[in-house]
Every structure is written in structure tokens, then in C-alpha cells.
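Thanks for coming, everyone. I have one model to show today, so let's bring it up.

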Amino acid sequence: MTEPVAPAWATATPAVADGPPPIVPALQLDHVSRWYGNVVAVNDVSFALGPGVTGLLGPNGAGKSTLLHLMSGLLRPSAGTVMVRGRTAWRDPAIYRDIGLVPEKEAVHPYLTGYEFALLNAQLQGVADPKAAARKAIETVDLVDAADRPTATYSKGMRQRAKLAGALVHEPTVLLLDEPFNGMDPRQRLHMMDLLRAMAAAGRTILFSSHILEEVERLADSILVVHDGRLAAAGDYRSIRRLMTDRPHTFRVRSTDDRRLAAALIADPAVFGAELLDGRLSVSTSDYAAFTHALPRLAAAAGITLHEVAPTNDSLESVFSYLVRR
Amino acid sequence: MSAFGPLVRVTLRGLMGRRRLLLMVLLVALPVALALLVRLAGGGRNDASPILDNLIVRTVLPLVALVLGTAALGSEIDDGTIVHLLVKPIARHWIIIATAVVAAGLTALLVVPSVVLTGLLVSGTGSTSLHTTFAFAVAVLLGGTAYTTAFLALSTVTSRALVIGLVYTLIWEGVLSGLLEGTKFLSIRQATLGVAAALGGARPGLQPLEPAISFVILIVVTAGALLIATRQLARFEVRGGD
């Protein structure tokens with residue numbers, strides 16, 4: 001796989017002149033690079049994002065935070081353009097009506113309480129009823145009990161939630177979160193995941209960076225994988241996995257007669273390996289689509305009933321490992 | 001501009017940290033305490049201008065303005081909380097103006113009463129004395145604004161604003177502007193003394209700058225600093241991250 005996979009909606013046919021207006025992506029990067037002297041932090045990255053939750057994945061130092069800072073207008077691209085809802089992100093404060101940002105750095109004004117911090121954000125956003133907006137945001141992030149304590153006394157997870165409350169007060173359509181689950185306990189993580197899923201279901205565009213694959217796998221509809229400043233892949237990770245034709249797919253199969261099924265499968269050109277280990281049938285194939293079509297046909301022809309067909313190396317972890325190691 | 005009030009309040013809360021405030025109060029109380037001692041020792045004099053210049057214009061005013069001017073925005077830049085102000089739909093000049101108003105206002109609030117009390121304690125309430133004290137109070141108000149905005153702008157340019165500001169105050173203004181005539185035009189202190197002299201607070205033995213030049217210097221420094229700070233903030237880029 002050499003080219004990143006674009007999300008399906010972004011490659012939709014453009015609308016005709018008298019049809020509905022063309023869709024403006026919530027976030028769009030066009031050949032964006034950012035370098036510091038001789039060091040290239042982000043290298044020729046292009047993608048577009050619409051509503052849904054997208055996970056930004058990459059090893060430490062891959063360029064995740066740089067990308068998020070570019071998208072939030074806090075860094076000038078050295079080349080290319082970053083657009084937020086059709087507006088250039090760099091040096092245009094008006095984009096912040098659409099954006100909510102949760103930066104990775106924990107810094108929150110230590111002398112403000114959680115509620116005061118949310119209220120400050122609401123007032124600076126110019127929302128109609130800042131007090132009500134601040135209260136709602138505090139409730140949304142489950143910080144009511146600690147709302148009147150100075151943020152200096154907060155734990156790391158509480159500060160993360162305070163920052164999220166500050167980013168939500170104006171109900172942005174685009175939410176950028178840099179390692180948002182850092183410091184949160186399992187209950188808070190689940191709460192945050194539910195919240196982000198609900199926001200995405202309501203039509204918001206949510207992009208969050210993480211180096212914890214399990215979080216991304218559980219929450220994200222699609223992923224962006226960055227490695228050494230380059231976009232290694234974009235889209236649904238299962239689709240990305242299917243494009244890795246140089247890496248065999250393996251399936252665990254359970255049936256009424258695994259031995260006979262193995263013999264039938266090994267004759268199929270899509271299958272290049274079948275073995276019985278500890279009473280379990282493991283099948284290797286280089287062609288995901290051909291195999292998944294052939295398997296039920298071959299089983300039916302042999303009079304065998306399939307009980308279970310499960311891919312064993314289609315996890316996000318295996319996709320990620322492949323992308324960052326090749 | 002509905003965000004101006006919240007910007008002022010959050011800057012004020014940030015600057016009113018207990019330790020910093022205590023240090024500033026002690027600093028501005030020092031000339032008053034010395035004047036009180038002079039008064040109690042019977043050493044009152046007719047002209048307070050040398051004391052107001054040496055103790056306040058030369059020392060207390062630039063130090064207070066330096067601490068408040070560099071901390072107003074500089075501390076937010078250093079600890080990263082500036083990001084929360086920047087990711088808002090607010091024109092950058094409003095952030096700078098609000099910050100400058102608070103820093104300059106606090107500087108005036110601390111230093112002007114110090115001038116008035118010191119002047120009254122040293123030279124009493126005679127009409128000439130009151131005139132001199134009033135002249136220095138106004139000059140310190142204008143000079144403090146110029147100092148504060150200059151140091152505020154410096155904090156948007158470099159993370160070493162405090163050190164550079166200290167070098168400017170102690171070396172440039174304290175030593176060079178007294179030795180080299182031409183450097184007077186680049187000295188906020190000299191312009192402050194020029195304003196004081198224009199209002200009737202001339203210090204004997206000193207050749208102050210022309211009143212018009214002094215006012216122009218303070219206005220140019222203040223306006224220029226606000227412009228530079230706004231430009232810097234508009235081009236501000238976050239540091240760190242991967």
C-alpha cells in the first residue's frame with residue numbers, strides 16, 4: 001500500500017451547477033508540510049474530514065500534535081493549506097467559532113475554578129448565556145462536584161475534563177483533542193468515549209490523537225496514521241487492512257468437520273495455507289474478498305456447516321504495527 | 001467588545017498572585033517608609049524632586065512596570081494557558097489592549113500613591129511642593145504606561161523579557177543615558193523626567209528633555225509597543241508537542 005486511503009465521502013462526485021451546494025469538508029489539509037529548520041515535522045499531508053470520530057494515530061514524535069496545532073491555527077504551515085469549514089486556519093480568529101480545542105498540555109489557569117474556567121471560555125466565545133453554557137459544559141464532562149474548586153487542586157484527569165468543558169461551551173462543530181484520555185481513570189474514559197460518540201452522532205467532526213490503540217479501536221469510525229511526519233494511511237482500519245495485499249490474512253475457522261474443510265480449502269487458489277493446530281483450523285489467504293466468497297461455497301459443496309469464521313490478524317494493532325514498521 | 005471585560009478580569013486575577021502582589025507593595029512602600037523616616041528625623045526639604053527621581057522614577061517605577069508588564073502575558077505564554085485565549089474568535093489587539101490596561105493600571109495604582117505620599121512626607125503641603133508632587137504623579141502615570149507596554153511587548157518577543165528589561169533599566173537607563181547625551185532619546189526615564197519638568201517638577205541640576213519630545217517619546221513607545229505586541233500575538237505559534 002503506497003497511497004493513503006481517502007474517506008469515501010471525500011471522494012464523492014461533485015455536485016452539478018444547479019444541484020445542491022458542494023459539501024465543504026469540516027477539515028481539509030492540502031499538501032501541508034511543516035518544518036523547523038532542517039527538521040520536517042509534517043511532510044506533504046493531505047486529507048479531508050467530515051462528521052464522525054477520527055483517531056489520529058502515530059508513535060511518539062510522529063507529528064500528531066503538530067498536525068492538530070496546524071488544524072487549530074496555532075501553527076503556520078510551511079507549505080500547503082489548512083482549511084476549517086472552508087476558511088484558512090492560520091491567522092483567522094473567526095475559525096474558533098467552529099473549533100473546540102483540547103490541547104495536550106495540561107495548563108489551565110490555576111487560580112480559576114473549573115466553573116470559572118468554563119465561564120471564561122463561554123464569555124470569550126461570546127455565547128448568548130455564558131453562565132448557562134458553562135454550567136451545561138461542566139455537567140456534560142461530569143465535573144459538577146469539583147466545579148467550585150481551583151483547578152490548581154485538580155488531578156490530571158480533572159484538568160483534562162475542565163479543558164474539555166472549556167472547549168465545549170460554544171458547541172463547536174469541529175472538536176480537536178490532543179491525547180484527551182491522558183490521566184483519566186477507566187470510568188472517566190468510558191464517560192468521555194460515550195460523550196464523544198454522542199457528539200459525533202449529532203453530526204460533529206471529532207479528531208482525537210492517541211497512542212493507545214485500544215482507545216482508538218473502541219471509539220474511532222476511521223483513523224489517520226502518521227509516521228515520521230507523513231500520512232501513512234487514512235480511512236476505516238479494516239478497509240486499510242484489506243489493502244495490505246502483501247501481508248496474508250489469517251482466519252480461525254470452526255466447522256462440523258475442520259479436517260475435510262481444510263482439504264477443500266487448500267485446493268482453492270485464494271488459500272495458500274491451512275493448518276490444524278490443537279484442534280483449531282487456521283487458514284491463510286492473500287485475497288480477503290476471494291476467500292470470504294469462496295469459503296461458504298466450498299463448505300456448502302462439501303456438506304460442512306460453518307460455526308465460526310474470525311479474522312485473527314485484523315486488529316488495529318496489527319494494522320498499526322504494519323504501517324509504522326514497513 | 002463583550003470579551004474585553006473577561007480578558008481584563010482574567011489578566012487581573014493572574015497578576016494578583018499573593019507573592020507577586022506582596023513584593024510589589026513592599027517595593028512601592030519603600031520610598032514612603034524612607035520619606036517617613038526623613039520626616040520623623042526632621043530632615044524635610046523644600047524640593048522632593050531629587051528623591052522622587054532617584055527612588056521612584058529611577059528604581060521603583062521601572063521595576064514594578066517590568067514585573068507586571070512581563071508577567072501580564074509572558075506568564076501565560078510560559079505556562080501554555082495563552083492557548084485558551086488564542087483559540088477564541090477575538091481580534092488579537094483586544095487581548096493586548098486588555099492586558100496592557102490591567103498591567104499599566106496596576107502599575108499606576110501602586111506607584112502613583114507612592115509618589116504622592118513620598119512627595120507629601122518629604123516636602124509637605126506647600127503650593128510649590130504640591131505642584132512638584134502632582135507633576136511627578138502625572139509623569140509617573142504616563143511613564144509607567146510606556147514602561148509597562150514596552151515590557152509587555154518584550155514578553156511577546158522573547159522568553160527572557162525579564163532579564164532584558166532589567167538590563168535596559170539598570171545598564172541603559174541607569175548608566176548610559178547619564179553618560180551619553182544621545183541615548184536620552186531612547187530612555188523612558190528621561191522622557192518621564194521631561195514630562196515632570198514640563199508640569200513644574202524640574203529637578204535642579206538636570207537638563208531634561210524638551211516637553212514636546214518627552215510626550216512624543218512616551219506616546220510613540222506606548223503605541224509602538226501595543227502594535228508590536230499585537231503583531232507578535234497574531235503570529236504566535238505554539239511550541240513543543242510532536
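Which strands of chain A does helix H9 lie across, and at what angle does H9(A) run to S14(A)? Helix H9, residues 288–301, lies across S11, S12, S13 and S14 of chain A. The angle to S14(A) is about 170 degrees. Keep in mind that this is a predicted model.

Now the sheet itself. Four strands of chain A make an open sheet, ordered S12-S13-S11-S14, with antiparallel pairing. S12(A), 271–277, and S14(A), 306–311, each have a single partner strand, so one side of each has no neighbour in the sheet. From one strand to the next, the twist averages 20 degrees.

Look at S11(A), residues 249–255. Five bridges join S11(A) to S14(A), and the two run antiparallel. One pair to find on screen: Arg254(A) has Glu308(A) in S14(A) as its bridge partner.

Stepping back to the whole chain. Chain A has ten helices and 14 strands. Of its 326 residues, 42% are buried.

Over to chain B, and a helix pair. H6(B), residues 127–157, packs with H8(B), residues 188–198, at about 155 degrees, and their axes are 8 Å apart. They are therefore roughly antiparallel. The crossing is right-handed. On the H6(B) side, the contact residues include Phe136(B), Leu142(B) and Tyr147(B); on the H8(B) side, they include Ile188(B) and Val195(B). The contact counts 13 nonpolar residues, two polar and no charged.

That's the tour. Comments, please.

Technical notes: Residues are numbered from 1 along each chain as its sequence is written. Chains are lettered from A and ligands numbered from 1 in the order in which they are written. This is a predicted model: local features need pLDDT of at least 70, side-chain atom pairs count only at pLDDT 80 or more; totals for chains, interfaces and linings use all residues. Axes are lines fitted to C-alpha atoms, for helices over the stretch in contact, and angles run from 0 to 180 degrees between N-to-C directions. Angles under 35 degrees count as roughly parallel, over 145 as roughly antiparallel, 65 to 115 as roughly perpendicular and the rest as oblique. A crossing is left-handed if the near helix is turned anticlockwise from the far one by less than a right angle, and right-handed if clockwise. Two residues are in contact if their C-beta atoms, placed from the backbone, lie within 7 Å. Ala, Val, Leu, Ile, Met, Phe, Trp, Tyr, Cys and Pro count as nonpolar, Asp, Glu, Lys and Arg as charged, and the others, Gly among them, as polar. A residue is buried if 20 or more other C-beta atoms lie within 10 Å of its own, exposed if 12 or fewer, and partly exposed in between; C-beta atoms are placed from the backbone. Two strands pair if DSSP finds at least two bridges between them.
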